[in-house]
Amino acid sequence: MVCIMWRAGMRVADTNSFFEKSFSWLIRQVEANKHKPIVALTHHCPSRTGTSHPMYEHSSNLMGHAFATDVLDSFGIPPTLSSSPIKAWACGHSRYNFDFVTESGIRVVSNQKGYPDTPTKESFAYRPDGIVLHISNSH
């Protein structure tokens, strides 16, 4: 696992380097365990589509990269193949709740309470009892 700590004076090049190290680690783990069902847990969202409020999902929103990166189809798995070893991906950071399944069969979920002092329509979708993931060992 890669642990990243914020520090004063951090630059874009630093965060890009952290991403490359973390993502390389994740790809190695998925490859080494591709015959087992995998659940990925990350702070940032693995897709820029469907993981933020729709008002933020447009190509001119450069801040979107601060919350999500398009990595779902980066594991050598064609997007139409339904046998991805990654069965579910739970994430946060966007203050937006979602639950969808990709074409490759990855369930992408987020159950965020949001900021306590500024409730939004999306935070009312928060499920205090959590989300249950049923993960099958079959491919």
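A search of the whole structure turns up two aromatic pairs, where rings of Phe, Tyr and Trp (its six-membered ring) pair if their centres lie within 6.5 Å, and planes under 30 degrees apart count as stacked, over 60 as edge-to-face and the rest as tilted. Select Phe19 and Phe23 to begin: their ring centres are 5.4 Å apart and their planes meet at 10°, so this pair is stacked.

Before moving on, note that this is a predicted model, in which local features need pLDDT of at least 70 and side-chain atom pairs count only at pLDDT 80 or more, while totals for chains, interfaces and linings use all residues. Residues are numbered from 1 along each chain as its sequence is written, and side-chain values use heavy atoms, with hydrogens and water left out.

Phe19 is partly exposed, at a relative accessible area of 30%, whereas Phe23, at 14%, counts as buried; buried means under 20% relative accessible area, exposed over 50%, and partly exposed in between (1.4 Å probe, protein chains only).

Next select Phe98 and Phe100, whose ring centres lie 5.9 Å apart with planes at 40°, so the pair is tilted. Phe98 is buried at 7% relative accessibility, and Phe100 is partly exposed at 24%.
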